[in-house]
Amino acid sequence: MNLIWLIPCLPLFGFLVLLVAGRKLGDPGAGWWGTGIVAASFLVVVKVFFDLLALPEEERSLTQTLFTWIPSGSFKVSIGFLADPLSILMCLFITGIGALIHLYSIGYMKGDEKFSKFFLYLNLFLASMLLLVLGDNLLLTFLGWEGVGTCSYLLISFWHTDPANASAGKKAFVTNRIGDFGFMLGTFLVWVTVGSINYADIGPAAPMIAAGTATAIALLFFLGAVGKSAQLPLSVWLPDAMAGPTPVSALIHAATMVTAGVYLITRLNPIMAQAGWANDVIAWTGAITALVAASIAIAQTDIKKVLAYSTVSQLGYMFLAVGTQNYVAGVFHMVTHAFFKALLFLGAGSVIMAMSHEQDMRKFGNLRKYLPVTFATFMIGWLAISGIPPLAGFWSKDEVLAGAFNAGPAGPVLWFIGLLVALMTAFYMTRVVIMTFFGSEKWRLTDAPHEAVESADLESEAVESMDLVTASVAAADHGGGHDDHHGLSPDHTPQESHWTMTAPLVILAGLSIFAGGINLPFGSDFKHLERWLEPTLAYEHELPPVPVLVLLAFAAIAVASLGIFLAYLVYSKHKIAAKKIERPVLAHAWYIDETYAKVAGGPGEAGFQGLADFDGTVVDGAVNGVGAGVLGIGNKLRPVQSGLVRSYALGISIGGALLLAFIVTRMNL
Amino acid sequence: MRVEMFTFLLTAAICLAGSAGVVLLRNPVHNALSLVATLFGVAVLFIQQGAYFLAAIQVIVYAGAIVILFLFVIMLLGVDKAEGLDRDPILGQRPAAIAAGVAILGLSLTALLSVGSRVTGQASTLAAIDGSEPNINALAKVLFTDYVFAFEITSVLLTVAVVGAVVLSRKAGPAIDVAEFPEGTTADLLQAKYDAAAVEQEVLEEVATEDETPEGEAETTEEALR
Amino acid sequence: MLALNETWYLVLAAMIFTIGSVGLLTRKNPLVMFMCVELMLNAVNLTFVTFSKALDDIAGQAIVFFVMVVAAAEVVVGLGIIVAIMRRRQGANADDISLLRG
């Protein structure tokens, strides 16, 4: 029964073994060890899942306290694990997808110098992520939160010999710090308000929290979630995080870590229920992020960048859902997204492998001929994310949108934004598919890449050719460290990947098709997920009446089909010039990064310089002035320290005499 | 009553004479012997006030051990020559010292004699001296109950003091480093090493004797240090 | 004739203490200075025993016991230091050792 502790400890054990004997296990031994230990953890999760299932609904919450971690007066933190429907659901897909991606990495990282180190980081990541999810108090969650952040940093800059990768890691780390600050303040506020940071105590106490305090707590934790889940305005780190190896992008930056923010908000739903307008902030942030990120994804040429912005956009959907207090839909979309986005990333990784580590889609084309398995599975992922029934993405996205439609007066606006995002999503994913798997084999054209590609696709403006220049410079830099990564010659023949890479693709494709079945909107008998999560949710969400629901679903299908059709017209039939859609402002991600750089480099730098000057003159001046004053007085008093012990004794005697005199004067004579 | 008064006055005179001897006599050996007189006097006063155990260790530890230790050191260092008391090298030290002494004595006596002849204050209720119980038993009872922690700490203090004394008075010779030995037969090399160490020691001692002779040179180094 | 009471002992202790303190301030031989410190300690011990009797409290005697232990430790370490100093500088007195001059 009490196997919960094994879930995070198995990957931790795997990490420790790899730490000690990673080099000995080597390639592929270390990979198989890492995969096996995560698969074992998955089996334990399944066991705990069935244990929970066997219990009556109200009792489906197991707590296992191992020992007291921080005993400090009335503040007491235990190392304890909370296995309830929400955390076990998270664990199921974290360990499941984790095991598949470990398996995939055996093929993907083959021949890498730091092969065993990669699996070491991955195992540590999974241990931290499971700690985050299973921790029964906020501090333990924070420990896991920081642990996944650290692993993310280590894995983004995995090939750190390239300065670009190293700085991408730093960017992720620094951006996340802003969010962590919110998390910590939120924890402090919960401690002050509730008197405990255990989830078991927060839930019952939440209805008593004043609305203002609850709003403040909710906003602070949402700041943490914004950082971790790459929402505006802290979304800038996630696209750069694609510098890491592709399995990392799939596992950490699509399926698991970035959804930690959604998990956190869902976990704290009793507080959110009291938080009033903080929920609107969450919903609107999610909606706007989804819209902005989807629009950026339309104009990206790097296949991983498209998927990264797509992830940001889909995370926006999840926040839209939790912001409208539609937690079931949020978690539902988190699960289906984990499946199809991991599938898409792994498919992209397979393509990138086949194309000698080239990531520019303008050099792809017609790959369906060479990579049949990757193509077939990628097509499933494409249909799932575009929202075509009956694949998983349709059901979860539909539920998010339906929930948004019913959320108060602003609901229809949120719903319309979501619909717009769905249109864009279908469009840019179709664009990726056409550019990668259809059309002509563009890498065979020997001319400069700018002219090589078909005019309709790539007659770019000056800005874009500038991009190409920088891209090729970056490629040259990159090539310095990894000569084998950029050897795409015109007579290259792509080859399908090893079975360790295609097997996870097939499994994830299957899940992407059928995962919608866990929560079908045909009445409460089909809503398995909603019934499963019910005990952990303090809030009942109401969906619109059935006729409206059907109407909304048909609108979503129509919009998705429209997006696909538009992309077909643009990229396959060339009826519309692509440059009309791929605006430079989109390619530059709305200049968000540039604005940050300008603010930090211009007024920001001036401000910081002012602070530094203030520190240098006023603060340091005061400190040094005190020092100089003391030094001067000391120099004046130096002769008193004669070094003669009898002089000192005389001083003591005089002091004693004075004390006696004082006592005598105070006596009642 | 008369006998008690007589005893007190006699021992008080001995104590004061002994104290004056410690301060005024020039030869350290005489100072030490005067100190013994005072310590014995204090021991008699202890007995007069019922502190029998303390009187015993006053004689055994103070007069018997500590003063003997003083005498040993005097003999070891050969400082038993008279010290000039004609003038004090520190300007104004002696008048200031006497003034401080007069002030302390005057103020204490003012305080003591102005409040009458009885000691005021709360008489003990917890550790009252039971006349039927021997003094040593009563003292042991509080030492091993109320003051047992302090008692244990004093054992640590004494151990530290012994270790400190050993370290301070140890004559530090040059350490022999086996790693420095060149190849060859060990016995010869050890002998050579000892010889070298002896030579080094002599040199050191010469330097030490040179150190003390030129007073001005030491002054200049101290000036430089500042 | 005056009756013998605590005040006599206390006056005697005050006198011994004063003599000791004046000696500490005027003598230069470190050994003699130590003896003066012992005088002062004995004067204080005498007051403790006197108060112990006057207030009928054995704790005063217990404190004298600890003072003696501390005095013994102090003498051991102090004489050790004096021996170490005298080895390097024959016949030095307290005024010669002033390395800590500011």
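Hi everyone, let's start with one residue in chain A. Setting aside its neighbours within four places in sequence, A:Thr256 is in contact with A:Ile94, A:Phe125, A:Met129 and A:Leu251. Please keep in mind that this is a predicted model.

So where does A:Thr256 sit? You'll find A:Thr256 in the loop between helix H9 (246-255) and helix H10 (260-267) of chain A. And is A:Thr256 buried or exposed? A:Thr256 counts as buried because its relative accessible area is 0%, and the cut-off for buried is under 20%.

Now let's move to chains B and C. How many residues does each chain bring to the contact? Chain B gives 93 residues and chain C gives 75 residues. Between them, about 7700 Å² is buried, and carbon and sulfur atoms give 74% of that area. On the chain B side, B:Gln49, B:Tyr62 and B:Phe70 lose the most area to chain C, together 9% of what that side buries.

Which parts of chain B are involved? The elements giving two or more residues to this side include helix H1 (2-24), helix H3 (52-77) and helix H7 (186-212) of chain B. Sorted by class, the side of chain B that touches chain C has 60 nonpolar, 20 polar and 13 charged residues.

Last, the polar side of the story. Chain B and chain C have zero salt bridges between them, but there are eight residue pairs in polar contact, with both residues at pLDDT 80 or more.

How values were computed
Residues numbered from 1 in each chain as written. Chains lettered and ligands numbered in written order. Predicted model: local features only at pLDDT ≥ 70, side-chain atom pairs only at ≥ 80, totals over all residues. Heavy atoms only, no water. Contact = heavy atoms within 4.5 Å. Buried area = accessible area lost by both parts, 1.4 Å probe. Salt bridge = Lys/Arg side-chain N within 4 Å of Asp/Glu carboxyl O. Polar contact = N/O pair within 3.5 Å; in protein donor to acceptor, adjacent residues only side chain to side chain. Helix = DSSP H or I, 4+ residues; strand = E, 2+ residues; numbered from the N terminus. Nonpolar A, V, L, I, M, F, W, Y, C, P; charged D, E, K, R; others polar. Buried < 20%, exposed > 50% of the residue type's maximum accessible area, 1.4 Å probe, protein only.
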